[in-house]
Every structure is written in C-alpha cells, then in structure tokens.
Amino acid sequence: AINPWDVMLCVSGTAIACENAIVVAIICYSPSLRTPMFVLIGSLATADLLAGLGLILNFVFQYVIHSETVSLITVGFLVASFTASVSSLLAITVDRYLSLYNALTYYSERTVLCIHTMLVGTWGVSLCLGLLPVLGWNCLHDYAACSIVRPLTKSNVTLLSASFFLIFIIMLHLYIEICKIVCRHAHQIALQQHFLTASHYVATKKGVSTLAIILGTFGASWLPFAIYCVVGDPDYPSVYTYATLLPATYNSMINPIIYAYRNQEIQRSMWVLFCGCFQSKVSLRSRSPSDV
C-alpha cells in the first residue's frame, strides 16, 4: 500500500520543482539578472529545484524500483540538494550583510570573487555530504546504526544536524547585525534631518520585520526535523519522522516567494518571459541585496 505521507512528500516535491524551475528559467533568460545577488538566488532556486526532483524520484523508486543502490543514490541526492539549499540561504545572508557593511566597495571585483568562492564552497560541501551514504557511510547491513532516516546512520544525521545548527546560529548573528546597521542608518538620517520622519520609521520597521519573517520561517521549517534527528530513535513510529520532515520541505517551497517573486526585477522579467510584450516602468538598475 502507498503511504499517504510519501504521497504528500511527492506533492510537495512537485510544487517545489515547478516554483523553482520558473525562477531558474527567469534568471537564465534575463541578461540583466547577472549581479551577485541574483546569482545567489539562482543557486538557491537550483538547489531547491533539485530537492523537489529528488522527492519525486524518491517516491517513484520507492514504489517502482526496489533497489538498495538506487535508494542510496536517491538519499544522497536529497542530502546534497537540501544541504545546498540551506548553505545558499547562508550565502545570501552573508551577501546582504556585506552589501550594508561594505556599501561603498560592494560593487567591486572583490565581491564577485567572494560570491564565487561561497558558491564553490556551498556546492562542494553539499556534494561531499551527499556522497557519504553512497561511498559506504550507511546502515544497510547494520540496523543498529540506523537513524530515523534510513539508510543514513545516526552519526551521519548528527553531523548534518550539527551543520544546520551552526548555519542557523551564524544566520541569526548576521541578521542581528543587519538590524543594528539598518537602525543605525535610520538614526543617522534622523540626525541629519533633525527628526525621524514617519516614512523612515515605517521603512526601518518593515525591514526588521522582513528579516524576522525570513529567519523565523527558516527556523520553523528546519528546527523540528534537525532536533528530532538528534533525539529520535529508529524504533519510534515513522509518523514522527514524516511529521517533522514535511515542514522542512516547505522551506524550499517558500524560498522562491521570499527571495525571488517579491523582487520587482524578477517580476518584470517574468512578464517579459511569459508575455513578451509587457512594458514596465521598473528600472533595470541592479539593486543591492539590502534593497530586497
């Protein structure tokens, strides 16, 4: 019998793949979207697209092809994709911080080199973590070593969870620093104009609220699964694993809404891509990540 949880994961993967495929197509189609910010958004969309395809393939292979080798490859593919997604979120956070902290030198070759270095590191580490189960770090022949996500071992998921907690702490610290910079800028503007206008207050409050929503969504999606990976036991009912894993996949569904579809330049490129005749008043000026 088909597990309803597997069906929900497959449906989630389909939605994730469709949403992020549009983002990848828009960024590849539009020459104006070649700035470091959009390159990182493209990396995030690519990782989420692969994660969605991995969920679909996992469902197909689980009920059509019963093979330990295929199972290992599929699980490794999912680990690499979701790791790349989380790491890309960290890279976007670092980029936003740099755009505010080093605003005068942000548009320089040094920034481009930094972005490329982060991309290489993101995908290199993700690929290595995804290959670990395939290369032998699995529990196919030792059930006692299995984690809540078979065939990953307990030590493997502990490593992945520890990596997530580290990334989450770094993102939390950077977003706090970003909030401090935003509030400091608003205060400096107020001193120059001798008062804090309502528009400055609203803009500052909106910026801080947006950062809180971004970090809150990320934490609410992944923290339950990361914590359960550490404290859970493979003998526990599988419903606990599914109940924490499914919300984690929703993060890849929400990412394109937060980081792509809210962006005016991507909205314009989307109309151009699908309509071909839309004339927009949106400027083609490449904005910095702090504007998003």
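This is a predicted model: local features need pLDDT of at least 70, side-chain atom pairs count only at pLDDT 80 or more; totals for chains, interfaces and linings use all residues.

Let's start with Leu 131, which counts as partly exposed at 37% relative accessibility.

**The surface patch and helix α4**

- Helix α4 covers residues 109–134 and gives the patch its largest share, 3 residues.
- Val 112 is also found in helix α4, and with 36% relative accessibility Val 112 counts as partly exposed.
- Val 112 and Met 37 are 75 residues apart in sequence, yet their C-alpha atoms are 9.9 Å apart in space.

**Aromatic rings**

- The count comes to 11 aromatic pairs.
- One of them joins Phe 164 and Trp 222, with 6.3 Å from centre to centre and 40° between the planes, and this pair is tilted.
- Phe 164 belongs to helix α5 (residues 154–193) and Trp 222 to helix α6 (residues 198–231), so their pairing ties together parts that are 58 residues apart in sequence.
- Is Phe 164 buried or exposed? Phe 164 has a relative accessible area of 6%, so it is buried, the cut-off being under 20%.
- Trp 222 comes in at 10% relative accessible area, so this residue is buried too.
- Ring pairs also build a cluster: Phe 82, Phe 164, Phe 165, Phe 168, Phe 218, Trp 222 and Phe 225 are linked this way.

**The nonpolar core**

- Which residues touch the most other members of the largest nonpolar core? They are Ile 41, Met 171, Tyr 175, Phe 218, Trp 222 and Tyr 259, out of 58 residues in that core.
- The elements giving two or more residues to this core are α1 (4–29), α2 (36–63), α3 (68–101), α4, α5, α6 and α7 (238–261).
- Helix α3 provides the largest share of the core, 11 residues.
- Leaving out residues up to four places away in sequence, Tyr 259 touches Ile 41, Leu 44, Leu 89, Ile 92, Arg 96, Tyr 175 and Ile 214.

Terms used: Residues are numbered from 1 along each chain as its sequence is written. Side-chain values use heavy atoms; hydrogens and water are left out. Helices (H or I, at least four residues) and strands (E, at least two) are DSSP runs, numbered from the N terminus. Buried means under 20% relative accessible area, exposed over 50%, partly exposed in between (1.4 Å probe, protein chains only). Rings of Phe, Tyr and Trp (its six-membered ring) pair if their centres lie within 6.5 Å; planes under 30 degrees apart count as stacked, over 60 as edge-to-face and the rest as tilted. A nonpolar core is a set of buried Ala, Val, Leu, Ile, Met, Phe, Trp, Tyr and Cys residues joined through side-chain atoms within 4.5 Å. Contact means heavy atoms within 4.5 Å.
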